[in-house]
Amino acid sequence: MDSRQCSLIRTNFESLTDSPDRTHALSNSFYSILFARHPETREFFPATMAGQRDRIVRGLAHIVDGLDRPESVLPLVRQLGREHRKHGLDPSRFACLTEALALAVEQANGENWTRDLAESWCTALDLITTAMSEAAEADEGPAAWVGTVIEHRLVTDDIAVIRLQLDKPMDYAAGQYVSVQVPGRLRMWRYLSPAIPADRTGLIEFHVRRVSGGWVSPSIVRHTQVGETWVLGSPLGSLGARDDGDRAGRPRLMIASGTGIAPIRAQLMAMAQRTDNLPTHVFYSGRFPYDLYDLPTLESLARISPWLTVVPVVENTETPLWHTGSSGPGTAVREGVVGQVVAEHGTWTDHDVQICGSPSMVRATTFRLRAAGVPVARIHHDPQP
Ligand SMILES: Cc1cc2nc3c(=O)[nH]c(=O)nc-3n(C[C@H](O)[C@H](O)[C@H](O)COP(=O)(O)OP(=O)(O)OC[C@H]3O[C@@H](n4cnc5c(N)ncnc54)[C@H](O)[C@@H]3O)c2cc1C
């Protein structure tokens, strides 16, 4: 695809999703077309489509955003192809998804649909389908893993640590994420980031925060039972990839809030096994001190890792009166909004940056760092939920 087509698609997609109503209309139209033309695909989606509908648009937004950087977006598209094997859908049928998307985009454009737009979208969607199905067909690894819960522990009122024994080891890179289906929420796949590096005996650990009003996370945090089985898709993402930054010798800045610490601690644990690490700063943030539930792990890692500096940050140092559990770290913590604290702490223009946390925290912190002169290409985060 040439750069003119990429920017035509990006501008067009932005106009089709510039309000929640238009975003819903596009995703509703996609699913209506898909289920009308290919009724057999309905079984891959949950009984209730509430909370599901806009996911396709959010996923597409991430890909459209990176179309002019195929080297960065194609690996994710290929991973998605491999990952979709968990549904048991034949890769040759992936085209039915992009066909429905193409028609939905055409309908959403209405009278503004031009031959130029049609050709550009067709090229882009062909590229995506081909990359997805080729990767899925070439993959000889498992299509899915079954994990049995061996431990479920509440570490704050809202966060549970869950450990599972997989039926076979999963070979993922620390920092990647996987899609997970839990019993009681069938076909409501959600992404979770393993909090430990790949384990050759098949142990895996997740940290899950209860999102208020969410379909799946409250159930995981409150109702997970030891002995129940989860299904996991193949690993996705490139957050922990040893890339240009390593080759160029750039130090790392990692910023986490809440369960965003999971992919970061997994990487730190993997890095602690190596001897060639570049200086790494981790800012670990929460609203209150007791939110920093994993600080002891980070501090233990820092004690044996001279390359690692951990800075705890909280928005309020006072523990609120309603909180009855542990009050959190006794160590000194910085007070403030994490993006601001990081920006004021030093100069990060020569660092590779990872940001892991809620969508609003990722947005606000990215904004702060860009304002502080960090080039956007050096700021990495996972796609947003
Ligand atoms: C790459 C990736 C990795 C992830 N890793 C983890 C992880 O390790 N641990 C973990 O707990 N979660 C993780 N998440 C978030 C997780 O996948 C779910 O989105 C989250 O648990 C909410 O699911 P739900 O079904 O409860 O809410 P939904 O029913 O999907 O959503 C309910 C409402 O909450 C909003 N919402 C969804 N997610 C969030 C969020 N994170 N913060 C604030 N509002 C939100 C939605 O926009 C919606 O309005 C990750 C997400 C992504 C994209």
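Colleague: Which residues come nearest to the ligand?
Modeller: Bearing in mind that this is a predicted model, the shell around the ligand holds 20 residues, and those that come nearest are Arg55, Arg190, Tyr191, His207 and Ser217.

Colleague: And what does Arg190 do there, in terms of distance to an oxygen atom of the ligand?
Modeller: A polar atom in the side chain of Arg190 lies 2.7 Å from a ligand oxygen, while Trp215 places a backbone N or O atom 2.9 Å from an oxygen atom of the ligand.

Colleague: What about a nitrogen atom of the ligand, which side chain is 3.4 Å from that?
Modeller: That is Thr259, whose side chain has an N or O atom 3.4 Å from a nitrogen atom of the ligand.

Colleague: How much of the ligand's accessible area does the protein cover?
Modeller: On its own the ligand has 910 Å² of accessible area, and the protein covers 76% of that.

Colleague: Changing topic, how do helix H2 and helix H5 cross?
Modeller: The axes of H2 (residues 20-37) and H5 (residues 95-109) come within 8 Å and cross at roughly 130 degrees, which means that H2 is oblique to H5.

Colleague: Is the crossing of H2 and H5 left-handed or right-handed?
Modeller: The crossing of these two helices, H2 and H5, is right-handed.

How values were computed:
Residues numbered from 1 in each chain as written. Predicted model: local features only at pLDDT ≥ 70, side-chain atom pairs only at ≥ 80, totals over all residues. Heavy atoms only, no water. Near = heavy atom within 4 Å. Polar contact = N/O pair within 3.5 Å; in protein donor to acceptor, adjacent residues only side chain to side chain. Areas by Shrake-Rupley, 256 points an atom, 1.4 Å probe, with all protein chains shown as cover. Axes fitted to C-alpha atoms, helices over the stretch in contact; angles between N-to-C directions. Helix = DSSP H or I, 4+ residues; strand = E, 2+ residues; numbered from the N terminus. Parallel < 35°, antiparallel > 145°, perpendicular 65-115°, else oblique. Left-handed = near helix turned anticlockwise from the far one by under 90°.
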